[in-house]
Amino acid sequence: MEILRNVVILVHLVGFAVLFGAWVVEAVARRNRITRLMNPALGISLLSGLALSAPWGLDHDLNYTKIAIKLVVLLVIGALLGIGSARQKRTDALPSAIFWLIGILTLLNAALAVIWR
Ligand code: HEM
């Protein structure tokens with residue numbers, strides 16, 4: 001059970017790595033675009049996060065306040081990806097506030113996970 005849980009955490013980390021990595025590539029290249037990888041990466045983070053939110057394979061309690069906040073943050077990231085992609089298609093430009101919020105909120109969720117125990 002514990003090994004299986006660790007595998008789901010690994011999948012969850014892959015979701016984070018792909019989402020944040022795809023965002024960093026755009027930020028460093030100063031393109032500031034939403035790219036195709038970001039949506040499936042967010043989906044992986046959501047599904048694996050929900051699986052990890054059930055108390056299995058654990059010897060301690062889960063922090064459900066933190067988990068609820070992470071879920072809300074993820075939903076906001078999803079909304080920004082949706083609104084941003086539509087804008088990008090329509091006007092070929094993405095408001096920089098949307099682009100930066102996506103990266104900052106992704107990092108915020110990782111920070112909540114590792115700093116707030
Ligand atoms: C962009 C979205 C997200 C990012 C970047 C993210 C990031 C992370 C990271 C880096 C960890 C590893 C923490 C560790 O093992 O020390 C983690 C663990 C975890 N995440 Fe997420 N996460 C996201 C979304 C979610 C969502 C939506 C949920 C639940 C609804 C969730 C639930 C959990 C749980 C239960 C754990 C393991 C237990 C814990 O240490 O709190 N995550 N997350």
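**Helix H2 and its surroundings**

A: In H2, the buried residues are Met 38, Ala 41, Leu 42, Ser 45, Ser 48 and Gly 49; buried here denotes 20 or more other C-beta atoms within 10 Å of a residue's own, with C-beta atoms placed from the backbone. Viewed down the axis of H2, these buried residues lie within an arc of 140 degrees, so they line one face of the helix; the arc is that of the directions from the helix axis to the C-beta atoms. An α-helix has 3.6 residues a turn, so residues three or four places apart point the same way. The model is predicted: local features require pLDDT of at least 70, side-chain atom pairs count only at pLDDT 80 or more, and totals for chains, interfaces and linings use all residues. Residues are numbered from 1 along each chain as its sequence is written.

The buried residues of H2 pack against H1 and H3, a contact being two C-beta atoms, placed from the backbone, within 7 Å. Helices are DSSP runs (H or I, at least four residues), numbered from the N terminus. H2 comprises 15 residues and spans 21 Å from first to last C-alpha, close to the 21 Å expected at 1.5 Å a residue, that is, 1.5 Å times one less than the number of residues.

Around the ligand there are 22 residues, of which Phe 16, Gly 49, Leu 52, Asn 109 and Ala 113 come nearest; membership requires a C-beta atom, placed from the backbone, within 6 Å of the molecule. Helix H1 (2-28), helix H2 (38-52), helix H3 (64-91) and helix H4 (96-115) each give two or more residues to this shell.

Methods: Buried ≥ 20, exposed ≤ 12 C-beta atoms within 10 Å, placed from the backbone.
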